[in-house]
Amino acid sequence: LGMMASDIEQRVDFDAMRQYKVSRVQDQLEAKEIGAVILLDPDNIRYATATDLPDWSRDKMVRYAIVPRGGSPILFELGSAGAAKKKLCPWLGEENIRPSIPWARGVNPSSVTQGILKANVAQIKTVLEENKVLDAPIGIDITDMYFLGALKEGGLNIVNGSDVMWDARVVKCKQELQLIETSAGIADGCW
């Protein structure tokens with residue numbers, strides 16, 4: 001397969017892999033009758049949007065994504081990373097990359113945190129309204145109590161969204177298997 005993408009031969013078809021992953025999430029939303037899933041787990045965000053931030057952001061909940069049933073993933077990205085993603089991740093579409101408003105897991109004074117959380121809930125409700133799933137159950141994969149409380153206070157019917165992502169991710173496509181084989185080959189060669 002080779003290690004790098006190339007314009008002179010087909011190696012790993014990343015476009016096909018991205019499309020497959022989104023379709024897996026969509027299949028699970030349909031099967032579980034969930035209107036959308038809110039993703040805060042960095043691995044789930046990467047699965048659904050094919051985007052990432054460095055490890056420093058893993059437990060900060062500074063970015064999230066929403067995958068509405070029947071719609072495209074929406075990424076709420078931190079700061080200048082959003083502008084970079086608009087240039088580097090054309091598969092999402094610029095309109096689907098929006099600024100996040102980090103609530104810093106409650107480290108601010110309570111009134112500040114509550115205001116930030118209300119702004120986040122308003123952004124989420126806008127996406128749900130745009131996709132006509134506002135009144136449906138909305139899954140979430142992981143969260144903290146601040147965000148969960150704000151979502152419920154905002155009138156959203158929040159349900160377990162972890163199963164959506166676990167069940168979507170368990171079956172691998174051809175391209176994922178190619179990458180797993182390549183990674184295993186590298187590890188095997190090192191040992």
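This is a predicted model: local features need pLDDT of at least 70, side-chain atom pairs count only at pLDDT 80 or more; totals for chains, interfaces and linings use all residues.
Let me begin with the inside of this structure, where the largest nonpolar core has 25 residues, and where Ile-38, Leu-40, Ile-66, Ile-124, Leu-128, Phe-147 and Leu-151 are those with the most contacts inside it. By nonpolar core I mean a set of buried Ala, Val, Leu, Ile, Met, Phe, Trp, Tyr and Cys residues joined through side-chain atoms within 4.5 Å, and buried means under 20% relative accessible area, with exposed being over 50% and partly exposed in between, for a 1.4 Å probe and protein chains only.

Residues are numbered from 1 along each chain as its sequence is written, and side-chain values use heavy atoms, with hydrogens and water left out.

Which elements supply this core? At least two residues each come from S1, S2, S3, helix H4 (110-130), S5 and H5, and H4 gives the most, with 6 residues. Helices (H or I, at least four residues) and strands (E, at least two) are DSSP runs, numbered from the N terminus. Leu-151 touches Ile-38, Val-121, Ile-124, Ile-140, Leu-156 and Ile-158, leaving aside residues up to four places away in sequence, where contact means heavy atoms within 4.5 Å. There is also a second, separate core of 17 residues, which includes Val-25, Tyr-47, Ala-48 and Ile-97.

Turning to the sheet, 6 strands form an open arrangement in the order S4-S3-S2-S1-S5-S6, with mixed pairing; two strands pair if DSSP finds at least two bridges between them. Strand S4 (97-99) and strand S6 (158-160) stand at the edges with a single partner strand each, so one side of each is left without a neighbour in the sheet. Strand S3 (residues 74-77) runs parallel to S4, the two being joined by 3 bridges, and Phe-76 stands opposite Arg-98 in S4.

As for the helices, helix H2 (residues 42-49) lies across strand S1 (36-39), strand S2 (64-68) and S3, running at about 50° to S2. Helix H5 (residues 145-153) also packs on the sheet, touching S1, strand S5 (138-140) and S6, and its direction makes about 130° with that of S6. Axes here are lines fitted to C-alpha atoms, for helices over the stretch in contact, and angles run from 0 to 180 degrees between N-to-C directions.
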